[in-house]
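This briefing sets out selected features of the structure displayed here, grouped by topic. Please read the points below with the sequence and the model at hand.

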Amino acid sequence: MTHPPDTRPAGDERAAPPTTPPPATRPLTGPTSVIICAYSEERWNDLLAAVGSVRGQGRPPEELIVVIDHNEALLTRARDVFGGTARVLANTGRRGLSGARNTGVAAATGAVLVFLDDDARGEPDWLERLLEPYADPRVQGVGGAAVPMWPAPGRPAWFPAEFDWVVGCTHTGLPAVAEPVRNPVGAAMSFRRGAFELVGGFTEGVGRVGARPLGCEETEFGIRLRQADPAALVIHQPSAVVRHRVTPPRARPGYFWRRCYAEGISKATISRTVGRDSALAAERDYVRRTLPAAFRRYLGLPGRRRAAVAVVLGLTATTAGYLHGSASSLVTRSPEPPR
């Protein structure tokens, strides 16, 4: 879940004035590596679409890496199909998305490392737009906008847009223009190689493992980056658009509650590694401003009042997960910088 600093009054839906410093005139130099991580053959068609969208970019990357997370059958299939145009690697780290991403980081040769989910596909100008903010040397990370592709018949009336982070997408409340944020949306994010050299890789044990709906590895990474380099900027670039597929099970209430609860557990975990104030600063603003405004708005919209209920129940489930996670004694250490 990604939340920017927001100084707007509650209920004000206008975009806040941009605070991004003007970019330097020199363009980004050095190659770009795109890393796609996959774990299940059930998402094979999604993986084909993700790889195809990278190949179809108007500004293609110099390197494409596909990392398979501890699935020998999928690894063989991916090497047979993508071997001529992509580097297909097995996750050499701990099972899970963080370990797979770290494997890609260690193997990549790019100056900027871009991460695309295996069930997302970039618009033709996605990569070009994503790289634009790197013209400013202070920018260490850039994330794009992940737009949900809902299963038929479309977004459920009860599903509030403020909770689109539940399905890995950009939620209402994020900036409508390029602005600094704490961390990017994981489905389509990027960082300079130097960021990994400074703070290490993604913390294994924090993020998603298989279908278990945990998260926050990009949140934890973004916080560590800012703690190590307070001048570093991470930019939300809404013009860099990917389409993120939402499967029918993820559009159901049961997944919504489980994912909210898991988000609370994840936030409790990273609170122990980076500090509660850093882990929850943006969430406090989200709870004080974004959610009350959403609740009032949905109550006033015919046919959307169930979304107001979902706002309350989603917050309740997330809080319950956080309290449960806070009571746990599990502490996960950050990995060493990938070499």
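This is a predicted model: local features need pLDDT of at least 70, side-chain atom pairs count only at pLDDT 80 or more; totals for chains, interfaces and linings use all residues.

A residue counts as buried when its relative accessible area is under 20%, as exposed when that area is over 50%, and as partly exposed in between. D117, with a relative accessible area of 17%, is therefore buried.

**Salt bridges**

- Side chains of opposite charge can pair when their charged atoms come close.
- The count of salt bridges in this model comes to 19.
- One of them joins R43 to D119, with 3.2 Å between the closest N and O atoms.
- This pair links distant parts of the chain, since R43 belongs to the loop between β1 (32-38) and α1, while D119 belongs to the loop between β4 (112-117) and β5 (120-122), 76 residues away.
- R43 has a relative accessible area of 14% and so is buried; D119 is buried as well, at 6%.
- D117 forms a salt bridge with R101, and here the closest N and O atoms are 3.7 Å apart.
- Because D117 lies in strand β4 and R101 in helix α3 (residues 97-107), this pair ties together parts that are 16 residues apart in sequence.
- R101 counts as buried at 2% relative accessibility, and D117 is buried at 17%.
- The side chains of D164 and R155 also meet in a salt bridge, at 2.8 Å from N to O.
- D164 is buried, with a relative accessible area of 3%, whereas R155 counts as partly exposed at 30%.
- Salt bridges with shared partners join R101, D117, E217 and E218 into one network.

**Packing of helices α1 and α2**

- Two packed helices are described by the angle between their axes and the distance between the axes.
- The axis of helix α1 (residues 44-55) comes within 12 Å of the axis of helix α2 (residues 72-82), and the two cross at roughly 35 degrees.
- The crossing of α1 past α2 is right-handed.
- On the α1 side, the contact is made by W44, L47, L48, V51 and R55.
- On the α2 side, L74, R77, A78, V81 and F82 take part.
- The residues of this contact comprise eight nonpolar and two charged ones, with no polar residue among them.

- Strand β8 (residues 188-192) is mostly covered, as five of its five residues are buried.
- In a regular strand the side chains alternate between the two faces of the sheet.
- In β8 both faces are covered: A188, S190 and R192 are buried on one side, and M189 and F191 are buried on the other.
- β4 and β8 run antiparallel and are joined by five bridges; L116 stands opposite A188 of β8.
- β6 and β8 also run antiparallel, with three bridges between them; V142 stands opposite S190 of β8.

**The loop between β6 and β7**

- W150 is found in the loop between β6 (139-149) and β7 (179-180).
- W150 has a relative accessibility of 17% and therefore counts as buried.
- Neighbours within four places in sequence left aside, W150 is in contact with R155, P156, F159, D164, V167, V246 and A251.
- Among these contacts of W150 are R155 and D164, whose side chains meet in a salt bridge.
- The C-alpha atoms of W150 and R243 are 10.0 Å apart, although 93 residues separate the two along the chain.
- P153 also has its place in the loop between β6 and β7.
- The peptide bond that joins A152 and P153 is cis, with an omega of about 10 degrees.

**Backbone at H70**

- H70 is found in the loop between β2 (63-68) and α2.
- H70 has a positive phi of about 50 degrees, although this residue is not a glycine.
- The relative accessible area of H70 is 45%, so this residue is partly exposed.

Definitions and conventions:
Residues are numbered from 1 along each chain as its sequence is written. Side-chain values use heavy atoms; hydrogens and water are left out. Axes are lines fitted to C-alpha atoms, for helices over the stretch in contact, and angles run from 0 to 180 degrees between N-to-C directions. Helices (H or I, at least four residues) and strands (E, at least two) are DSSP runs, numbered from the N terminus. A crossing is left-handed if the near helix is turned anticlockwise from the far one by less than a right angle, and right-handed if clockwise. Contact means heavy atoms within 4.5 Å. Ala, Val, Leu, Ile, Met, Phe, Trp, Tyr, Cys and Pro count as nonpolar, Asp, Glu, Lys and Arg as charged, and the others, Gly among them, as polar. Buried means under 20% relative accessible area, exposed over 50%, partly exposed in between (1.4 Å probe, protein chains only). A salt bridge is a side-chain nitrogen of Lys or Arg within 4 Å of a carboxyl oxygen of Asp or Glu. Two strands pair if DSSP finds at least two bridges between them.
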